[in-house]
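Here is a short walk through one structure. Begin with the inside, then step back to the whole.

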Amino acid sequence: MYEGDLLAAVLTTSAEIRSESPELGRAVRLIISQLADVPPALEREVKGFLAL
């Protein structure tokens, strides 16, 4: 268990899963938008998720 493991797992879910649960995607976007610090290793995944 490392810093950002749970966030990484959520951000890398398949598009199919996200399309089945759009309300979950909205909740994740809200949470991500409120993060003060994103681990540097996850910056690319966060930007990619928000771009969808």
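Leu11, Val28, Ile32, Val46 and Phe49 form the largest nonpolar core, with five residues in all. Such a core is a set of buried Ala, Val, Leu, Ile, Met, Phe, Trp, Tyr and Cys residues joined through side-chain atoms within 4.5 Å. Buried means under 20% relative accessible area, with a 1.4 Å probe and protein chains only. Helix H3 (22-33) and helix H4 (43-51) each give two or more residues to this core. Ile32 is in contact (heavy atoms within 4.5 Å) with Leu7, Leu11, Val46, Phe49 and Leu50, leaving aside neighbours within four places in sequence.

This is a predicted model, where local features need pLDDT of at least 70, side-chain atom pairs count only at pLDDT 80 or more, and totals for chains, interfaces and linings use all residues. Residues are numbered from 1 along each chain as its sequence is written, and side-chain values use heavy atoms, without hydrogens and water.

Now the whole. The protein has four helices and zero strands; helices are DSSP runs (H or I) of at least four residues, and strands (E) of at least two, numbered from the N terminus. The C-alpha atoms fill a box of roughly 30 × 20 × 15 Å along the principal axes. Of the 52 residues, 17% count as buried.

Terms used: Buried < 20%, exposed > 50% of the residue type's maximum accessible area, 1.4 Å probe, protein only.
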